[in-house]
Amino acid sequence: MLKNYLKISLRNLSRHKIYTFINIAGLSIGMACALLLYLYINDELSFDRYHEKADRIYRVSTWFKLEGKPPQYFASSSERLAPVLPKEFPNEVAQSVRLFRGTEKKPIRYKDKKLYLNGIHYADSNYFKVFSHKLIKGDPNKVLTQPNSIVLTKTVAKQFFGRAGNAIGKVIKVFDNQSNKVTGVMEDLPKNSHLRFPALVSYATIYDPKDVNGWGSANYYTYVLLKPKAKIESFRKNVQTVFTKYMVGDFKHFKVTAGFRVDPLVDIHLSEFAYEDDETIKGNKAYLYILAAVAIFMLLIAAINYMNLATARSAGRAKEVGIRKVVGSYRSQLILQFLLESVLLTLISLVISITLVELSLPYFNYVSGKQLVVEYSDPSVFGLLTLIMLLVGLISGSYPAFFLSSFHPVRVLKGKYVSSRNAAFLRRGLVIFQFSISITMIIGTWIVYNQLQFIRNKDLGFNKERVVVIRTFGDTTNLQRNDLIRKDLLKHQGVKEVAFTSNVPGQDGGSGTDAFPVENAQGKIQITLAHILMVGYDYLDMMGIEMKKGRFYSRTTVTDTSKALVVNEAFVKKMGWKKALGKKVYLRTDSLGKLVKGYDAKVVGVVKNFHLTSLHKKIQPLALRLISPRKQGHMGYLLVRLKPGGVGKTLDFIKKTWNKYEKKYAYESYFLDKKFNKQYQADEVRGQIFMAFSGITIFIACLGLLGLASFTAEQRVKEIGIRKVLGASIPSILRLMSFDFLRLVVWASLFGGIFGAWMMHGWLQNFAYHLPIYKHWFVFIFSALLALLIALLTVSVQVFKVSQVNPIEVLKDE
């Protein structure tokens, strides 16, 4: 019997080639896109889950709260925290490890070979007891125990020594002042890790018991491995007692309280919590929800196409059902027949969709920056594909199966079959649903594009064009280097301005953070947390930053390094100052919170707010401190603004000048605008993915509309013939036949607009700076018009084709 069902199913599919093609095209494209989106979502959700004990690893971050102010959260914590946790909570904490995150690209040398590695980290000796990074060479219990030990990743080891095994025991220079012995080689970190480093140096290398930072300094990342039976809620509560036992003494002078936040390791990548100092590239949980919805909607739209076409063709299959029932078929057998037909169609579509996935995956990986593969041998992947096939097949075939099998054989065989009003109503509802989703995605794509244009064109408060950034590296043996380079560069006709700074916009948060005793609006001294940026005399002019009040630092005022301070408007707003100039700010305090003489500065200038970070974050209170000329050799970055024209020759001159005065560190530079815009790379990738799948969703919906319009036009071909005989013109027939479909699209525009506004309003909250949703009113109007135009063209093609039929041919039998 099953063989007979299969033959009939194949016969029906081959008999109606156009509808079979439309269904297979829609289902295969829909399933291929859904599978690609599944791979992307699964990869985002897999971050850090490869660790054997991932479910028990947590990061302990810190918050500080000034009196009368909201708390400020930092992903980092004190250097002192990690050793304390196992001692204080022996029943809960199995291991705790410190990680000092390097963010700068620094030199590493072996004999004549020299590489510049970005983000070398320092870690405690028990690092490999917490994290499951595979060691190719070395004992995980010993590789980080001794000072000046280093563990290289496989790629770095090969670059230096050809083979990973050749690296063990070799001594390499790190930062040109550390001789480190290679004690281990580890596999490269997988892409789905929030930790990114090329090498690990032992914490013992930088540990100095006489120079351990205080509890108020948060510059280490602390991770804990809880014991199997430990309860996380209990640990979250207990860890807060560390403040009262260890930190309150250091903080009471500053009237500051502090505490801790505990985040699961597997949640860090998709965490939406805003930390002040967390600049790792993160995923977006809300975006994953949207993509998951898109994947489901694409499958539903493809399934709806099948349902619509199957019910629209019901008249053609009514006699088949009637005859089957007359010769003894049960309704259950008919339902099985139609469901088998649907599942068979889905199986064919699934095979084609797998081919489409394999063809498109390289490009999808290129756009998304992923390394996705489909492991067909994986039972979970095979199970997923089978589940998709069955679900889509049953969902798309369920209503047609029950609907078609319900026909009464007597009425059908007498030719009295009339299409059910309920079926017509369902078809209209499904078309509205399809186009509602399509219009929602058009709106989403348009608003994503508009927001990306907004952040590209927004006034940042500084001029980022034609600025070359050179990483200088602090060098105590060559203190005159930076000043000599500056003087030589300014002599070149292609160089407009030169300045030094401790950090640059878009680089690791753009600034550090510190606490200052500051005179408030009432004239009292209070501790204030603010971002701090060390700058040279020429920084303001070099960056094109506007001075709102007062003055900037001057070479003629020698006391500016310790007696003057320039702040931004956000700093003034935070302090509630009506008159900022002259307000006292103490630039240095001792460990007891007492003011250090000679560092009682006054605010001499206020600059207009400018963005040091992306537009995802609000502009924070910022203090611009002047670096003294004798410490200019420690400045981290040299900024050079170029004049228009001759850029290539000017860049060559800058490099030659660097090499003239610097023999230790290689020349490394980039353009500021490119680096700053790179902060939006993840948003642009997501926007491109969303745009592509939006277009495909609309295409699938139009396929269904095309098939439905074609069948509807064929059903009404005699009506069209009679109207033509009575004098109806082709345009009037087009208007008549298109009206029913366009009315559905109008309803879809209403529903799609409401859902799109709700969805995109939530997405825009990811940006601190964005246009409110009502400013995008034109998007909703044009999206509706675009959907109407697409629907009109789709329907008109079929209607116009049928309207060309000669009335005599269609009416000759009447």
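Me: Which hand does the crossing of H21 and H22 have?

Reply: The crossing of H21 and H22 is right-handed; a crossing is called left-handed if the near helix is turned anticlockwise from the far one by less than a right angle, and right-handed if clockwise. The model is predicted, with local features needing pLDDT of at least 70 and side-chain atom pairs pLDDT 80 or more, while totals for chains, interfaces and linings use all residues. Residues are numbered from 1 along each chain as its sequence is written, and side-chain values use heavy atoms, without hydrogens and water.

Me: How is the packing of two helices described?

Reply: Two packed helices are described by the angle between their axes and the distance between the axes. Here, the axes of H21 (residues 717–725) and H22 (residues 730–764) cross at roughly 145 degrees and come within 11 Å. Axes are lines fitted to C-alpha atoms, for helices over the stretch in contact, with angles from 0 to 180 degrees between N-to-C directions. Helices are DSSP runs (H or I, at least four residues), numbered from the N terminus.

Me: Which residues of H21 and H22 meet?

Reply: From H21, Glu719, Ile720, Arg723 and Lys724 meet Ile733, Leu736 and Met737 of H22, contact being heavy atoms within 4.5 Å. This contact divides into 4 nonpolar, no polar and 3 charged residues. Ala, Val, Leu, Ile, Met, Phe, Trp, Tyr, Cys and Pro count as nonpolar, Asp, Glu, Lys and Arg as charged, and the others, Gly among them, as polar.

Me: At what angle do H14 and H18 pack?

Reply: Helix H14 (residues 481–490) and helix H18 (residues 647–661) pack at about 150 degrees, with axes 10 Å apart, in a right-handed crossing. The contact includes Leu484 and Ile485 of H14 and Phe653 and Trp658 of H18. Its residues divide into 7 nonpolar, 1 polar and 3 charged.

Me: How is a pair of aromatic rings described?

Reply: Such a pair is described by the distance of the centres and the angle of the planes. The structure holds 26 aromatic pairs. The rings of tyrosine 363 and tyrosine 366 have centres 6.5 Å apart and planes at 35 degrees, so this pair is tilted. Rings of Phe, Tyr and Trp (its six-membered ring) pair if their centres lie within 6.5 Å; planes under 30 degrees apart count as stacked, over 60 as edge-to-face and the rest as tilted. Tyrosine 363 and tyrosine 366 are 3 residues apart in helix H10 (residues 331–368), and therefore separated by about one helical turn.

Technical notes: Helix = DSSP H or I, 4+ residues; strand = E, 2+ residues; numbered from the N terminus.
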